[in-house]
Amino acid sequence: MYLFDTEVEILVGGKPVKKFSHEGRTYIQANKGSAYSIKIRNNSWKRRMFNVSVDGINVVNGEAAGKSPFGYVLNGYSTYEIQGFRTSNEEVHPFKFNDKQKSYAAKSDETGGDISNCGVIGVQVYDEKEKPSPIVINHYHTKFTRSPVEARPWWAEPTYGSPTFTCNESPFSFNAVVRGTSAGNAGSIGEALRSCNFMSQVETPKKEWAGTTTCSDWSAGTEFSKDSVVDKVTDTTFEIGNLLVTVEIFYDYRDGLIAKGV
């Protein structure tokens, strides 16, 4: 799915699954017990943050989607494959399709066991707030002497040209620099163990999750696998700008999709 220089794909076995469009929504078929991953790509030259949720749970910190906009920060023209729910900067627990009663959402204290959002993968993409460029003012000091024209004897004819201003008989000048400021400090990126793999840990004002669709009548959900996978990330800061796009991908078992007319 390609929107606003952004791509989102669901992979099973390393390959994109087939997507179905129906009544303005995008659907995929879930196969019980299959592990999957979410591939995100930033096709812009700017850094962007991807706030990703599965079944109403933020995949970075396990909180309810919309509670805090933590996410993955990708450099320009970078791709990252989200393999599961993150538990630290070193590992994740893979996503796995299962009955929604066995899903992570059903067992999560953060959501109070709410499974009404099971069956939806959501991605919000934010741009980075731009800081004002520094303003540099070049100024030459002329305080300590008059110009040659002003200092001439009253009987001398004025001469014009390019006067040299001096201070203590040597050329003197200085630069005054006024630097722009911003409301927040975006900080430095830091070197990641992967070229495009950063995790934003910046505290920002609450932004509500744009998706409003619930899937209370659906059967499938995403399980929090017991086995962990090594997937290292590096913390960074990111000052959130505008919400560029919200992507929603719905999933259910084959019978459920047929019943919905997909």
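Where is the place of E23? E23 sits in the loop between strand 4 (20–22) and strand 5 (25–29). The legends below start with the whole chain and then move to close-up views.

This is a predicted model, in which local features need pLDDT of at least 70, side-chain atom pairs count only at pLDDT 80 or more, and totals for chains, interfaces and linings use all residues. Residues are numbered from 1 along each chain as its sequence is written, and side-chain values use heavy atoms, with hydrogens and water left out.

**View 1. The protein chain has two helices and 22 strands.** Helices (H or I, at least four residues) and strands (E, at least two) are DSSP runs, numbered from the N terminus. The chain holds 262 residues, and 40% of them are buried. Buried means under 20% relative accessible area, exposed means over 50%, and partly exposed lies in between (1.4 Å probe, protein chains only). The chain exposes about 14700 Å². Carbon and sulfur atoms supply 49% of that area. Accessible areas come from the Shrake-Rupley method with a 1.4 Å probe; for residues, only the protein chains shown count as cover. Among contacts between residues at least 6 apart in sequence, 81% join residues at least 24 apart. Contact means heavy atoms within 4.5 Å.

**View 2. Strand 7 (residues 48–54) is mostly covered.** Seven of its seven residues are buried. R48, F50, V52 and V54 lie on one side. M49, N51 and S53 lie on the other. Both faces are covered.

**View 3. Strand 7 pairs with strand 13 (residues 120–128) in the antiparallel sense.** Two strands pair if DSSP finds at least two bridges between them. Seven bridges link strand 7 to strand 13. Here V52 stands opposite V123. Strand 9 also pairs with strand 7, antiparallel, over three bridges. There, R48 has L74 as its bridge partner.

**View 4. Strand 7 and strand 8 (residues 57–58) form a hairpin.** The two strands run antiparallel and are joined by two bridges. S53 has N58 as its bridge partner in strand 8. Two residues lie between the strands. In this hairpin, D55 takes a positive phi near 55 degrees.

**View 5. The largest nonpolar core has 34 residues.** A nonpolar core is a set of buried Ala, Val, Leu, Ile, Met, Phe, Trp, Tyr and Cys residues joined through side-chain atoms within 4.5 Å. I38, I40, V54, V59, Y72 and I82 have the most contacts inside the core. Strands that each supply at least two of its residues include strand 2 (6–12), strand 6 (35–42), strand 7 and strand 12 (91–99). Strand 22 gives the most, with four residues. Not counting residues up to four places away in sequence, I40 touches several residues, among them V8, F50, Y72, L74 and I82.

**View 6. W45 lies in the loop between strand 6 and strand 7.** W45 counts as exposed because its relative accessible area is 62%. Leaving aside residues up to four places away in sequence, W45 touches G76 and Y77. The C-alpha atoms of W45 and D5 are separated by 9.5 Å. These two residues are 40 residues apart along the chain.

**View 7. E23 and Y77 each have a positive phi.** Phi of E23 is near 55 degrees. Y77, which is not a glycine, has a phi of about 55 degrees. Y77 is in the loop between strand 9 (72–74) and strand 10 (78–82). E23 counts as exposed because its relative accessibility is 72%. Y77 is exposed, at 51%.
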